[in-house]
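Subject: Handover of a structure

Dear colleague,

I am passing on to you the structure shown below.

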Amino acid sequence: MKYRAGERRKAVEYEKAISKWWKKNKTFEKSVELRPIDKSYVFYDGPPFITGNPHHGTLLSSIVKDAVPRYWTMNGYRVERRWGWDCHGLPAENFVEKQLGITDRREIGTKWSLEDYIIKARESMVANSETWRDTIDRVGRWVDFDNAYRTMNKDYMESVWWAFKQLYDAGKIYEGRKVLMYDTKFATPVSKAEVTMDNDAYQKVTDPSAYVKFKLSDAVNHFSSDTLKGARPGLWSEEKDLPASDIYLLAWTTTPWTLPANMCLAVSPELKYGLYDVNGEKYILAVDRAKVLFEDKKPLKTFKGKTLVGEKYEPIIKVADGLFDLGLRGDKGTVARKDTYTVLPGDFVSAEDGTGIVHIAPAYGEDDYDLVQKYEVDFVDCLDENGYYLPEMTKELYELGIRDTDENGIQVWAGNKFIAKCLEEKGIIYKIEYIEHEYPFNPRSKERIIYRAFPSWFFDVAGQKQLMLSENENINWFPKYLKHGRFANNIEAAPDWNLSRDRFWATAMPVWKGDQGSVKVVGSYAELKELSGKELEDYHRPWVDDITFDINGEHFTRIEKVLDCWFESGSMPFAELHYPFENKEKFEANYPADFIVEYVGQVRAWFYYLHAVNTALADIGAFGPEAKKGHKNAYKNVITTGTLAGNDGRKMSKSLGNFTDPNELMDRYSADALRFLLLSSPVLSGEDFALLDKDVSDVSRKLGMLWNIYDFFTTYAEVEGFDSADFDGSVQIKSPLDEWIIDRFYQLRDEITIGMEEYNIPKALQGVILFIDDLSNWYVRRSRRRFSKNDDLVDKKAAFSVLYFMLEKTAILLAPFTPFLSEELYQKITGSRESVHLLSWPEAGEVAHDDVLSDMARTRQIITDALALRMQKSEKEEQIKIRQPLSKLIYDGDKLNCFYEQIIAEEVNVKRVENGKEFALDKTLTPELREEGMARELIRAVQSARKHAGLAPGDKIKLSVSIDLPKDYTGLIKSEVGAESVSKKEVYSFKEDAKLNGEVVTISLEKQ
């Protein structure tokens, strides 16, 4: 191929053209198929929700998911990359409900039938895929979209059923009741990990801080001087007229809405409490808190909290009989348990805030629920599924003056402050203050969550924490601090995992309950058919709900719960392959995966759930004997990215308008520039990073130096008549400059290789721009005369060959990171129509000239120091610009050979370079030096005029300048600027003025 100058395309043109070319030629498919099946590199792609549009965060993970597989493909591995869609769960339901205009969960089954709702959900989950495909293509990611798996697919859900049954049979899944985060809008428990995976889950709210009066039932008899250890004898007997109704336990709460469900009070047994008389009423509370609440008031008596344990008190709000003991136990009736409305000891009670007496509502607090499990305390949940008080409780609240907050009744958060105010007016609350504090919201619904003891199905995380922690040791984390930091800490602190959801659009829990109390968990569609005789096209609700069967005279009905979508996501490694029903050997041969990547929020989410599900399955032998005896972790290497911020440093937000649309950004600066910026940025080290347009522009400019080199190469290759076939690698390298740049290339190759094998991509790329700068601003600049005005044909051929090699190999080296630029550059420089992405990673080359590398580095440092001396200004010396020759530079240290001294002389622009004992630059200017300086200035001005006139480097010119040429430098000037002759008065087609040493000089020229 003959080279022609000026054929470079704009990035936006070649990127879009190359994307189409890859598809037409099936280049991605070829890159996979050319690698052997028995040398697989397995990458798990965390599926995004199909409900949203791709954004910068999506592109960030997609860029990493493209770069790493491309690298390992070039290293000879078969890297299959299959797209996946997360189709289930609250985000999907929220998306569907907005489309259908559903604002209340109760409209599902009334306004819209469940069947129509599910059909609409399925349709919605395929509608947005093309938008994603276009953007993912634009950023250069190779992935199999056509065979994407969906978590809603029949085969995928069957694998999830299989996993659930395996874990249930192994005793790792059980039914129970625990306090969970509960979303009243979606009417279901939600995952704590999902709620708290991002930093904005907690928001500041203002709540009433209420001091509530609980009246002791029989204080005269049960709170006597005999029970007050250490109290003065006869206090109660001295005040015989003190009625029991005047003695109150003063408790504290910031959730007055939970007071209707109060079942007991808790105190600290060893904490000091006191009895106080305040305006004729007697209050008991912690002494340290009374000092805050009552200021200088002295206690009538003091005693330890254990004195109060066992005391009875009167409920502040009557609870209807039918509300007791709802939940897992299923009992309903009156208050019958002996410890209900009793003071109990609680090790979580302190005097740091409140009163030292804690109101306990077992249905609405983790400490509350855990406490009552040790005693005989009744359980009351007085809310419906949407957080409204049940009719029986609403009736009691009406009598206290509390009214509906909306047409559906009294909602907990809407009524919280109103409940407190009404109870204060009734004398039940002693005092209300208002506090601002942080409280969790569900990012999906934007609603404030409640904590609620809820019957559910749980994964026994506590029973396998040690397994999960030990298997974590087999994982290479980047950044490394996450391994024993956030990830291990999350495992250690994790509660048992709530697997069930009271929703609609998700994998149905494969649990059937018999009317005699038996449980049957189904692990496949075939098993269900054998039990029921029925087979379905779709195993979603409501159709699967209709399937019943009998076993030994017991009738079984499916429980109306669905699985947490994180269990589905955690099942992705095997469910995408429909394991174990298909691809059994393939999955087992390639478990665990080699690599995963997502942003840091997924450390507590997808990374955690993958680890929990798959280590458990591997440990019980569900993945076969090899996985059971080998490493059980689901993945070997993980990259965790930070979070991208907008161009103002704040979180990216459409409402803030603080980011440029990804497609617009790529069209303006190139997809490769965006890719390289993100891959080399701190965000790939897990740090937050503000994506600024100017930074993308800056990277685009720096990468563009490669195109400047390409332009230089093709310009002179066309002039010299070189063909791509001339560069067959047979040239003999003699110049230290050539040796240096070749060694620099292999240095870079090794740096990238080491970084990629450590999964430290910023480290891998940290030397790329420096190398490109070395190639452009040192090698090419120092070699410029070798490409033109060079009578040594062997040296000229060597220079062209080395630069050809640099452009070709650099294109290969950057292929995983800047795939479009690499493709375009490789094909332009080689003339090949085969893709650069089908080539192998460059072999390690021996850095054969350590002395050249060190000598060149020292040479450049000497030049830098000398130029600094040129610009140094003092009372005794002036700054002297670089075009003004100087007489002598002396450098200290070991002597360099003449090749490097010549480079120093030319770069520093001195006549002589000498080795001595100290570093010094002679800045004395002689008339001869000044004359030469003028000649150099004039050459620069004429070269600039040539460029402005649009002349090619090889064009000869006619030249006129308005001053006399320095007489000893006429020949040099003519030679350097390509002038056949120089006059003083002629006027040619192009003219411009230049300022030389303070004098305006007119330059006129035209092509010869």
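Helix α3 (residues 56-74) contributes the most to the lining of the second largest cavity, giving 3 residues. Please bear in mind throughout that this is a predicted model.

The second largest cavity has a volume of about 30 Å³. Its lining is formed by Ser31, Arg70, Thr73, Met74, Arg81, Trp142 and His837. By class, these lining residues divide into 2 nonpolar, 3 polar and 2 charged.

Glycine 76 follows α3 and has a positive phi, near 95 degrees.

The count of cavities of 30 Å³ or more comes to 2. The largest cavity holds about 100 Å³ of space. Its lining consists of Gly89, Leu90, Glu93, Glu194, Arg501, Arg503, Trp505, Ala506, Val562, Leu563, Asp564 and Cys565. Two or more of the lining residues come from each of the elements α4 (90-100) and β23 (562-563). In this lining, 6 residues are nonpolar, 1 is polar and 5 are charged.

I turn next to a sheet. It is an open sheet of 3 strands in the order β16-β25-β24, and the pairing is parallel. Why is one side of β16 and of β24 left without a neighbour in the sheet? Both β16 (476-478) and β24 (593-599) stand at the edges and have a single partner strand each, so one side of each has no neighbour there. On average, neighbouring strands of this sheet are turned by 15 degrees against each other, direction ignored. Strand β24 pairs with β25 (residues 635-641) in the parallel sense over 6 bridges.

Most residues other than glycine have a negative phi, and most peptide bonds are trans. Against that background, the following places may be of interest to you.

Tyrosine 579 and proline 580 are joined by a cis peptide bond, with omega at about 0 degrees. Proline 580 belongs to the loop between α19 (572-575) and α20 (584-589). A cis peptide bond also joins tyrosine 591 and proline 592, where omega is about 0 degrees. The loop that holds proline 592 runs between α20 and β24, and β24 is one of the edge strands described above.

Serine 670, a residue other than glycine, has a positive phi near 110 degrees. Its place is in the loop between α23 (662-669) and α24 (671-680). Is serine 670 buried or exposed? Serine 670 has a relative accessible area of 6%; because buried means under 20%, this residue counts as buried.

Tyrosine 759 likewise has a positive phi, near 60 degrees, and is not a glycine. This tyrosine is found in the loop between α26 (736-757) and α27 (761-765). With a relative accessibility of 4%, tyrosine 759 is also counted as buried, because that value falls under the 20% cut-off.

With kind regards

Notes:
Residues numbered from 1 in each chain as written. Predicted model: local features only at pLDDT ≥ 70, side-chain atom pairs only at ≥ 80, totals over all residues. Heavy atoms only, no water. Pairing = 2+ DSSP bridges. Helix = DSSP H or I, 4+ residues; strand = E, 2+ residues; numbered from the N terminus. Axes fitted to C-alpha atoms, helices over the stretch in contact; angles between N-to-C directions. 1 Å grid on protein atoms, 1.4 Å probe; cavity = no way out; pocket = protein on both sides within 12 Å on 5 of 7 lines; lining within 4 Å. Points joined across faces, edges and corners; volume = space filled by probe spheres on them. Nonpolar A, V, L, I, M, F, W, Y, C, P; charged D, E, K, R; others polar. Buried < 20%, exposed > 50% of the residue type's maximum accessible area, 1.4 Å probe, protein only.
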